[in-house]
Amino acid sequence: MYDFEGAHGEGAGGGPSRALTLLEPARWSVEYGASRLLELLPAERGLGEDRPVLVLPGFSAHDALTGRLRAHLRRRGWHVHGWGLGANHGLTEAIVSGLPARFTELSERHGQPISVVGWSFGGLLARWLAHEHPEAVRQVVCLGSPWRAEGERTRATALFERSRVKHGIVENAREIVDRLRGPVPVPLSAVWSRSDGVVPWRGCVVDESDHPPAENVEVVSSHVGLVANPVVLRVVTDRLSADPARWRPYAASVPGACAAKVGTPTPAGAR
């Protein structure tokens, strides 16, 4: 996330340990390989009932890096879309104007609410879309998305600041971040890992709620692996299968994932 508060501001934090960060590539290779093996098993087709899903990549990532997740969902019956905006350079003019336009185009094409899955910074953009178009967003699933001020300083913060210089940032970027940090008006599932090597997991935790639903699901995963880890793929499939009108909280159905109850102090009304 951008360092809006400054290196010593209230939102500053140290991020995950350096050891976890260094282990990210090796862990991802194992997680990705395991997910490919999972696809050799018979899939439970038709779960998605052709409902639309928009998948948003993390910072500096692009649609190719969410391909494993999208293929997994597509094989199980969802009508899955990448965001089609190239690399995610943050709150640039191209993204702040292009993402709502892409969402509107898909909403008009499908004629029904769209589920939005966001990985890392993509999850913050998913929260923003839900605030901007609450009637058109079915639900939001965030994968390792540090939306809290406590999560503002991560292992990727230096990349954000370099991108700000190279690609620019919209004038109202801080207002967008403040807005997306407000209570999300649609069902929300926050999936995160204590062993995340890029973002501090406490910055990803949401305050649980019933109206509308907001829940935490803890998984064992690297940060990069959140879009390929077989455990996470099973969790995302389960959450997208839930009916917002008859919401059921996540119940652990796979080793390595569990509904998490975490007490984290937050500003009143945030989740």
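**Figure 1. Overview of the predicted model.** The protein has 7 helices and 8 strands, where helices (H or I, at least four residues) and strands (E, at least two) are DSSP runs numbered from the N terminus. This is a predicted model, in which local features need pLDDT of at least 70 and side-chain atom pairs count only at pLDDT 80 or more, while totals for chains, interfaces and linings use all residues. Residues are numbered from 1 along each chain as its sequence is written, and side-chain values use heavy atoms, with hydrogens and water left out. Of the 271 residues of the protein, 56% count as buried, that is, under 20% relative accessible area with a 1.4 Å probe and protein chains only.

**Figure 2. Close-up of the largest nonpolar core.** A nonpolar core is a set of buried Ala, Val, Leu, Ile, Met, Phe, Trp, Tyr and Cys residues joined through side-chain atoms within 4.5 Å. The largest such core has 46 residues, and those with the most contacts inside it are L54, L56, L91 and L125. Among the elements that each supply at least two residues of this core are β1 (52-56), α3, β3 (114-119) and α4, and α4 gives the most, with 7 residues. A second, separate core of 25 residues includes L73, V232, V235 and Y250.

**Figure 3. Close-up of L91 and its contacts.** Not counting residues up to four places away in sequence, L91 touches Y2, V96, F121, L125, G168, I169, V170, A173, I176 and V177, a contact being heavy atoms within 4.5 Å.

Figure 4. In helix α6 (residues 173-180), the buried residues are A173, I176, V177 and L180. They lie on the same side of α6 because they cover an arc of only 95 degrees around the axis, the arc being that of the directions from the helix axis to the C-beta atoms. These buried residues of α6 pack against α3 (93-110) and α4.

Figure 5. D238 has its place in helix α7 (residues 230-241), and it counts as buried because its relative accessibility is 17%. Leaving aside residues up to four places away in sequence, D238 touches R248 and Y250.

How values were computed
Buried < 20%, exposed > 50% of the residue type's maximum accessible area, 1.4 Å probe, protein only.
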